Amino acid sequence: MLTVAHLDHQPANCAPDNLMAACQACHLRYDADHHRRTAAATRRAAIEAAGQTTLPLGPHPPTLGSL
């Protein structure tokens, strides 16, 4: 099946020089990095919307064994 890929990953930009015909497998391969980045951002937003936060990175408090 032939699909149309947006070269800049912006569906609103349908200028002919921003479009590329590709089979489904090639289209998915072309978009793989973009999908990875947007999926990570979507997961982060869902976690934050649920009221969960991430722990700050930094020095760890001493453990019982080091006291």
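Among contacts in the protein chain between residues at least 6 apart in sequence, what percentage join residues at least 24 apart? The figure is 11%, where a contact means heavy atoms within 4.5 Å.

1. **Basis.** This is a predicted model: local features need pLDDT of at least 70, side-chain atom pairs count only at pLDDT 80 or more, and totals for chains, interfaces and linings use all residues. Residues are numbered from 1 along each chain as its sequence is written, and side-chain values use heavy atoms, with hydrogens and water left out.

2. **Layout.** Helices (H or I, at least four residues) and strands (E, at least two) are DSSP runs, numbered from the N terminus.

3. **Surface.** The protein chain has 67 residues, and 10% of them count as buried. Buried means under 20% relative accessible area, exposed means over 50%, and partly exposed lies in between (1.4 Å probe, protein chains only). The chain exposes about 5,800 Å². Carbon and sulfur atoms supply 64% of that area. Accessible areas come from the Shrake-Rupley method with a 1.4 Å probe; for residues, only the protein chains shown count as cover.

4. Helix α1 covers residues 24–49. A straight helix of 26 residues would span 38 Å at 1.5 Å a residue, yet α1 spans only 33 Å between its end C-alpha atoms. The expected span is 1.5 Å times one less than the number of residues. There is a bend of about 55° at alanine 32. That bend is the angle between axes fitted to the seven residues ending there and the seven starting there. After α1 comes glycine 51, with a positive phi near 85°.

5. **The loop between the strands.** Histidine 9 sits in the loop between β1 (2–6) and β2. Its phi is positive, about 65°, although histidine 9 is not a glycine. I would look at this residue in the viewer. Histidine 9 is partly exposed, because its relative accessible area is 22%. Aspartate 8 lies in the loop between β1 and β2. With a relative accessible area of 30%, aspartate 8 is partly exposed. Aspartate 8 touches Asn13 and Asn18, leaving aside residues up to four places away in sequence. Its C-alpha atom is separated by 8.7 Å from that of leucine 19, eleven residues apart along the chain.

6. **Cysteines.** How many disulfides does a search of the whole structure find? It finds zero. Cysteine 26 is in no disulfide; the nearest cysteine sulfur belongs to cysteine 23 and is 3.4 Å away. The cut-off for a disulfide is a pair of cysteine sulfur atoms within 2.5 Å. Cysteine 26 has a relative accessible area of 35%, so it is partly exposed. Cysteine 23 is partly exposed, at 34%.

7. **Around cysteine 23.** Cysteine 23 is in strand β2 (residues 19–23). Its contacts are Met1, Leu2 and Thr3, not counting residues up to four places away in sequence.

8. **Start of the helix.** Glutamine 24 belongs to helix α1. It is partly exposed, at 43% relative accessibility. Glutamine 24 touches Met1 and Thr3, with residues up to four places away in sequence not counted. The C-alpha atoms of glutamine 24 and alanine 5 are separated by 9.4 Å. Histidine 27 is in helix α1 as well. Is histidine 27 buried or exposed? Histidine 27 counts as buried, because its relative accessibility is 16%. It touches Thr3, Val4, Ala5 and Ala22, not counting residues up to four places away in sequence.

9. **Salt bridge.** The structure holds one salt bridge. Arginine 36 forms it with aspartate 33, and the closest N and O atoms are 2.5 Å apart. The criterion is a side-chain nitrogen of Lys or Arg within 4 Å of a carboxyl oxygen of Asp or Glu. Both residues lie in helix α1, three residues apart, about one turn of the helix. Arginine 36 counts as exposed, at 53% relative accessibility. Aspartate 33 is partly exposed, with a relative accessible area of 47%.
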